[in-house]
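Hi everyone, thanks for making time.

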Amino acid sequence: MKAKLYPSLVHRDGDVCFYDEMPFRQDMEGLQRTFDHLNNDEFDNRIENLVLCHYDCNQKKKTDFDMQMKAVDKLRDNVSSASLGGRENLTTTYESVDELTEGEVNRIINKLTTTYLQERLPDKDSDTFLSFSDTLNSITYLVQQDTKGRGSQVAVRRAIDVRCCSIGEFQISREDGKRIIRRRKSEPIQP
């Protein structure tokens, strides 16, 4: 079935690897064309969930956070485009972002949390800090905007806590009795 979608995928994305944008080489190991499932569900063969990529990139994505985030963004864009009528002659789609899986919503939460903290706390030598409460509410708001109401404050709190663990680049502390987040000034503790 995926082979039937090949012309539509080329029309939508071009005949290059989605991840590194380099051409395919069927004669070179690792650079052969494969289909990648953006949400990592090999049974989800909707066209919105498929891209063409090199075999090596397909394997690397399993452990590469940036590639996984790029996949989440692409899936969201594909679903959004399809729901706005950009499907052209393509088949099967989510009717809305409400059908994102829990894993996809969690990846969106993780990406938005990281981006939010890095953009607002860019310099570890600065005394800049963020209110924990406002950060939690702001990220939750952004997530719910991107996912049409999906994503809980509890899940966002966990994502913040992960980035503020002893080996994370941020830390949570108290100032004047309120919880704050700042960039860690010292190097994180190595595991």
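Let's start with the largest pocket, which holds about 150 Å³ of space. Keep in mind that what you're looking at is a predicted model.

So which residues line that pocket? They are Thr34, Phe35, Asp36, His37, Asn40, Glu42, Asn58, Gln59, Lys61 and Lys62. Sort them by class and you get 1 nonpolar, 5 polar and 4 charged residues. Two elements, strand 1 (33-37) and helix 2 (55-60), each give at least two residues to the lining. The largest share comes from strand 1, with 4 residues.

Okay, on to helix 6, which covers residues 153-163. Which of its residues are buried? That would be Ala155, Val156, Ala159, Ile160 and Arg163. If you look down the axis of helix 6, those buried residues fall within an arc of 140°, so they line one face of the helix. Over on the other side of helix 6 you'll find Arg158 and Val162, and those are exposed.

What do the buried residues of helix 6 pack against? The answer is helix 4 (102-120), helix 5 (132-146), strand 4 and strand 5 (178-183).

Is threonine 135 buried or exposed? It's buried, because its relative accessible area is 1%, and the cut-off for buried is under 20%. Leaving out residues up to four places away in sequence, threonine 135 touches Tyr116, Leu117, Leu130, Ile160 and Ile181.

Last stop, glutamine 171, which sits in strand 4, residues 170-175. This glutamine is partly exposed, with a relative accessible area of 25%.

Who does glutamine 171 contact, apart from neighbours within four places in sequence? The list is Cys164, Ile180, Ile181, Arg182 and Arg184. Take Arg182: glutamine 171 and arginine 182 are 11 residues apart in sequence, and their C-alpha atoms are 5.7 Å apart in space. With arginine 184, glutamine 171 makes a side-chain to side-chain polar contact of 3.3 Å.

And notice Ile181 again: it's in contact with glutamine 171, and threonine 135 touches it too.

Note on methods. Residues numbered from 1 in each chain as written. Predicted model: local features only at pLDDT ≥ 70, side-chain atom pairs only at ≥ 80, totals over all residues. Heavy atoms only, no water. 1 Å grid on protein atoms, 1.4 Å probe; cavity = no way out; pocket = protein on both sides within 12 Å on 5 of 7 lines; lining within 4 Å. Points joined across faces, edges and corners; volume = space filled by probe spheres on them. Nonpolar A, V, L, I, M, F, W, Y, C, P; charged D, E, K, R; others polar. Buried < 20%, exposed > 50% of the residue type's maximum accessible area, 1.4 Å probe, protein only. Contact = heavy atoms within 4.5 Å. Polar contact = N/O pair within 3.5 Å; in protein donor to acceptor, adjacent residues only side chain to side chain. Arc of directions from axis to C-beta.
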